[in-house]
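Please keep the structure in view while reading.

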Amino acid sequence: AAFFGPVARGNPVVDSFEAELRRVLSSLRRLRGAGEAKHDLHRHGANTLFNIWIKYKPRLPEWYYNERLVKVGDTLAQIKEYKLALQQCYERYLQQFVSVNLDDVMDDVQCFKSAFFPNGVRDKNAPLVFHALQARNICIYQMVCSRDRKLQNQESLQTCLNALTSLRLTMQVALPQENLCWLIYNGTIHIYTICRHLMVMGHSAKVLEYLLWASICMESSIPLLSVHYLTWRATLYTAVSQCYFDCQASIHGEIFARRGLIKIDELKQLEDISSSLERAETEKIFREATLKMSVMIFKRAVYESRRNPNSFRRESKVNPRKAVNLSWPRTATERLLVAMFDCAAAQFLAILEALSDPSRNLLPPHPPVPDEMQIRDVTSELFSAGLEILSGNSLKKPKQLVRSLDLHFILENIFVITAGEERVSREAAVKFVKLAFSYEEWNVFYSAFEFVDNFLQAQDDPTWKKADIELKLLTLMQPIVFPGKFERSFSITDGGKSKEGSTHQGSEKTQTIRSECCSESLKSGNPFRDLMILATKAFSYVSTFEQNVHPDKEILVDVVMCLWQKCKMELQEIQKWGSHCLEYIHKNQAYQWVHVLWIMNEIIERSNLADTNVMFAEITLCLAAILENVADS
C-alpha cells in the first residue's frame with residue numbers, strides 16, 4: 001500500500017481492502033433472513049473474512065491493519081456475530097502479544113502488563129489494546145448466554161466469573177491514567193451487565209466483589225466523579241446494596257446505601273458552590289440518586305423498625321372494609337413511606353423493593369415465613385399501601401378541596417407511559433400484581449388485577465398484551481394451586497349503585513375468563529374443570545398469538561408443571577394398564593386426562609420449553625407410552 005502513496009481513501013490497496021470488508025459484512029448482516037441456507041452462508045462469510053486478513057496483512061501498515069481488526073470486531077459484535085468477532089478480530093489482534101492462551105496471563109498484574117503493554121500503558125497503542133481486551137470478554141460472555149442463558153452448566157458460570165476477573169484486571173491497570181477514564185466507565189457497565197445476570201440466576205454472593213470494585217472505580221477516577229455520571233454511580237451503589245440483601249446481609253445493604261447517600265451529599269455540596277449545569281437538571285439528577293439509596297434503606301428499615309418494640313407501638317391490622325373511611329397514611333408502614341418519600345411513584349417503588357425477594361417464586365414452594373407476627377403485619381401493610389396507591393386513594397385530597405378535575409386525574413390517569421411524580425408506571429403495576437400472587441395476598445391480588453387488567457386490555461402494544469395474558473394465567477392457576485383457600489368479598493357497580501358479593505374464585509372478571517374457555521360438559525363443581533380451563537387457555541395463547549405476545553417461558557413452565565403435578569397420578573395409572581389402557585379410559589372416563597397431557601406436550605413444543613426442565617422429558621415419554629398402548633390395544 002505504501003508504494004501507491006498515503007494509506008487513505010484513493011489508495012488502490014486500501015480501497016480494495018475496504019471494498020472486500022464491506023461486502024463480507026453486508027452478507028453477514030443479511031443472514032438473519034437467510035432461512036435454511038443460513039449455516040452455509042455464515043461459513044462462507046467466515047472463510048471469506050479469514051482470507052481477507054491473510055491476504056492483506058503483508059500489504060498494509062501494521063497500525064492500519066490492527067485498527068481495522070478491532071473496528072471490524074466492533075461491527076461484528078453489533079450484529080451479534082460474537083464468535084466471529086472474538087476469533088477473527090479481537091483474539092487475532094491480541095495474539096501478536098502472547099504466544100500462549102490469553103487466559104493464562106490474566107492471573108498476575110505484572111505478567112499481564114509485561115505481555116500486553118511492553119512499552120507501558122502510556123504508549124499510543126495502549127487504548128486499542130485495552131479496548132480489544134474488554135471487547136473480548138464481552139464476546140465470551142455473550143457466547144455463554146447464547147448457549148446456556150440460565151447458566152445450568154457449571155462451566156458456563158465459571159466462564160462468566162473469569163470474564164469478570166479479566167475486566168477487573170484491565171480496569172486495575174488503566175485506573176491510574178485519567179485519559180483512560182472512558183475505559184473505566186465502559187468497564188463498570190460491562191461488569192454491571194454480567195453481574196445483574198448472575199444475580200438473577202442466584203449467584204449474588206459470587207459477584208458482590210466485582211460490583212464493589214466497579215463502585216470504587218467510579219469514585220477513584222476524578223473525571224467520573226462529576227454530576228454527569230452520578231446517576232450511573234447510584235445504580236452501581238444500588239446493585240451492591242441489593243447483593244447484600246440477596247446474601248441475607250441486610251444490615252450491610254443498608255449501611256452501604258447510607259454510605260452512598262453520604263457520597264451523594266458530598267457531591268451536592270460541591271455542586272452548590274459552583275454548578276456548571278442548569279439548576280433544574282442537577283436537582284433532578286440528585287433527586288433520582290437519593291431516591292435509589294432511600295429505597296434500599298427503606299427495604300430494611302420498614303421491617304427492622306417493627307422488630308424493635310421501642311420503635312413503634314404494635315398496631316392492629318386495618319380492616320379492608322373500614323379502610324375507605326380512613327385517611328392516608330393509615331398504618332405505621334404508610335407513615336414511614338410518607339416520611340421518607342414525597343410522591344406516590346417513589347412510595348410505590350419502595351413497596352416493590354421491600355416485597356421483592358429473589359428466592360421467592362410465583363408458585364410454591366416458598367422460603368419459610370418469618371415467625372415474627374410483626375413481619376407478617378408489615379408485609380400485609382405494604383400490600384395494602386400499594387393497593388391504595390394503585391387505586392389512586394393515596395392521592396385524594398380532603399373532601400372540601402376535591403374538584404372534579406382532580407377525581408378525573410385520579411381515576412383515569414394513574415397509568416401513563418412515562419412515570420411521573422404522582423403516577424405509577426405500567427411495569428410497576430404488573431409486578432405488584434405478581435407479587436401479591438406470590439405472597440398469597442388474594443384480596444390485594446384480585447383488586448389490583450381488576451385495576452391493571454382494565455387498563456391493559458385497552459392497549460395495542462404487544463408488551464402489554466403479553467402482560468395481560470400472564471396475569472390472566474395467574475388467575476386461572478390460583479384455584480388449582482391454592483384450592484379452597486380464598487373466599488373474597490368484592491364490590492361491583494350497577495347503574496351507579498354499589499353492591500356487595502362474594503366468590504370462591506375471585507371477581508366477576510376472573511369468572512368471565514374461566515367461562516370463556518369452559519365447555520358445557522364441564523359444569524361448575526367438576527374437579528377437572530379448572531385444570532381443563534387452564535390447559536386450553538394456555539394452549540390458545542401459545543397457538544393463536546404472535547411470538548412477541550407469548551407469555552414468558554417462566555410462567556409457561558409454571559403452568560405446565562402445575563398441570564403435570566395434578567394429572568401425574570391419573571396418567572401413570574393409565575400407563576399401568578398397558579395395552580388394555582383403552583378399557584380403563586372407557587371405564588373411568590379418563591379421556592380428558594389424556595387430552596390435558598397432549599396439550600402440555602404441545603405447549604412444551606410450541607414454546608421451546610424442552611430444555612428448561614428435565615421433567616418435561618417425562619411428560620413427552622408418558623404421552624408416547626400411552627399412544628403406543630392405545631395403538632396396540
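## Helix 26 and its cover

Helix 26 has as its buried residues Phe-616, Ile-619, Cys-622, Leu-623, Ala-625, Ile-626 and Asn-629, where buried means under 20% relative accessible area with a 1.4 Å probe and protein chains only. An α-helix has 3.6 residues a turn, so residues three or four places apart point the same way. The cover over the buried residues of helix 26 includes helix 23 (553-576), helix 24 (581-588) and helix 25 (591-606). Helices here are DSSP runs of H or I with at least four residues, strands are runs of E with at least two, and both are numbered from the N terminus.

The model is predicted, local features need pLDDT of at least 70, side-chain atom pairs count only at pLDDT 80 or more, and totals for chains, interfaces and linings use all residues. Residues are numbered from 1 along each chain as its sequence is written, and side-chain values use heavy atoms, with hydrogens and water left out.

## Helix spans and the chain as a whole

The expected span of a helix is 1.5 Å times one less than its number of residues, and two helices can be set against it.

| Helix | Residues | Expected span | C-alpha end to end |
|---|---|---|---|
| Helix 16 (373-391) | 19 residues | 27 Å | 27 Å |

Helix 16 is mostly covered, with 15 of its 19 residues buried, and it is followed by Gly-392, whose phi is positive, near 95 degrees.

The protein chain holds 26 helices and 4 strands, and 49% of its 633 residues are buried. Among contacts between residues at least 6 apart in sequence, 68% join residues at least 24 apart, a contact being heavy atoms within 4.5 Å. The chain exposes about 32,300 Å², of which carbon and sulfur atoms supply 52%; accessible areas come from the Shrake-Rupley method with a 1.4 Å probe.

## Leu-474

Leu-474 lies in helix 20 and is buried, with a relative accessible area of 0%. Leaving aside residues up to four places away in sequence, Leu-474 touches Leu-362, Lys-434, Phe-437 and Phe-445. Leu-474 and Leu-534 stand 60 residues apart in sequence, while their C-alpha atoms are 9.3 Å apart in space.

## Cavity and pocket

On a 1 Å grid over the protein atoms alone, a cavity is a set of points where a 1.4 Å probe fits but cannot get out, a pocket is an open set with protein on both sides within 12 Å along at least five of seven lines, and lining residues have an atom within 4 Å of a point. A search of the whole structure finds 1 cavity of 30 Å³ or more, and the largest cavity has a volume of about 30 Å³. Its lining consists of Lys-268, Glu-271, Asp-272, Arg-279, Thr-282, Glu-283 and Phe-286, and helix 12 gives the largest share, 4 residues. By class, this lining has 1 nonpolar, 1 polar and 5 charged residues.

The second largest pocket contains about 1,800 Å³ of space. Its lining has 48 residues, of which Val-200, Asp-357, Pro-358, Arg-360 and Asn-361 lie nearest its centre. The elements that give two or more residues to this lining include helix 12, helix 20 and helix 23, and the largest share, 7 residues, comes from helix 23. The lining of the second largest pocket divides into 23 nonpolar, 10 polar and 15 charged residues; Ala, Val, Leu, Ile, Met, Phe, Trp, Tyr, Cys and Pro count as nonpolar, Asp, Glu, Lys and Arg as charged, and the others, Gly among them, as polar.

Terms used: Grid points are joined across faces, edges and corners, and a volume is the space filled by probe spheres set on the points. Buried means under 20% relative accessible area, exposed over 50%, partly exposed in between (1.4 Å probe, protein chains only).
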